Amino acid sequence: MNKNSKLSKTIHLIRHGETDFNKLGIIQGSGVNSELNEKGRHQARLFYEAYHNTPYEKVYTSVLKRAIQSVEGFIEQGVPHIQHTGLNEINWGVMEGAESSEYNRKVYFDTVRQWSEGHLDVAVANGESPLALFERQQVALEEIMQASDELILICMHGRAMRSFLCLLTGTPLKEMEQWEHTNLCLYELVYNGQFFEITKNCDVSHLVL
């Protein structure tokens with residue numbers, strides 16, 4: 001990451017709250033613009049209650065409802081909000097919105113296996129490859145890094161988060177499966193002048209009642 005070594009920046013990266021598609025194990029991707037369900041809205045409230053005093057200078061989201069709804073409290077609080085298509089979930093093509101089945105699960109896991117083997121140009125039918133996802137995330141990150149904000153909140157999606165963490169930390173993209181995620185989990189990352197270092201890893205302590 002060729003950035004200004006004097007730049008100070010901390011990112012709080014979260015995944016959106018639960019949707020009914022998550023609950024049913026149905027792939028949403030970038031083509032299914034679902035909303036948070038009751039549990040997801042509760043998760044969003046808990047995160048806001050835990051972090052509403054954090055002095056975020058900007059909040060970034062994908063353009064998808066479930067990401068925006070997850071940070072509505074901060075937007076209503078007046079934190080400047082930027083939507084960016086580069087932060088959208090990967091496009092899962094024909095898999096999006098399809099009911100969970102043995103065949104679909106096999107396609108999913110076979111595809112993820114190929115990615116882990118380094119075949120990052122592979123995509124399901126009518127879908128997006130990890131390389132294509134990574135390229136649009138690079139554009140989004142460049143804009144984020146050029147801004148002067150030192151503390152920002154980013155809300156995005158599971159697969160996109162795995163790719164984005166590779167981009168932030170300089171990890172090979174084929175190793176993205178190492179990053180765990182769950183609805184409304186938090187990664188905290190601090191810029192060291194070259195890459196970001198993870199200081200909180202898939203933290204969900206804010207969701208504990």
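Among contacts (heavy atoms within 4.5 Å) between residues at least 6 apart in sequence, 67% join residues at least 24 apart in this predicted model. As a prediction, it needs pLDDT of at least 70 for local features and 80 or more for side-chain atom pairs, while totals for chains, interfaces and linings use all residues. Numbering starts from 1 along each chain as its sequence is written, and side-chain values use heavy atoms, with hydrogens and water left out.

What about overall size? The C-alpha trace spans about 45 × 40 × 25 Å along its principal axes. Of the 209 residues, 53% count as buried, meaning under 20% relative accessible area, with exposed being over 50% and partly exposed in between (1.4 Å probe, protein chains only).

Now for the salt bridges, where a side-chain nitrogen of Lys or Arg sits within 4 Å of a carboxyl oxygen of Asp or Glu. The count comes to eight. One of them pairs glutamate 18 with lysine 39, at 3.8 Å from N to O. It ties together distant parts of the chain: glutamate 18 is in the loop between β1 (10-15) and α1 (20-24), and lysine 39 is 21 residues away in helix α2 (residues 38-51). Glutamate 18 counts as buried because its relative accessibility is 11%, whereas lysine 39, at 46%, is partly exposed.

Lysine 106 is exposed at 52%, and aspartate 110 is partly exposed at 25%.

Definitions and conventions. Helices (H or I, at least four residues) and strands (E, at least two) are DSSP runs, numbered from the N terminus.
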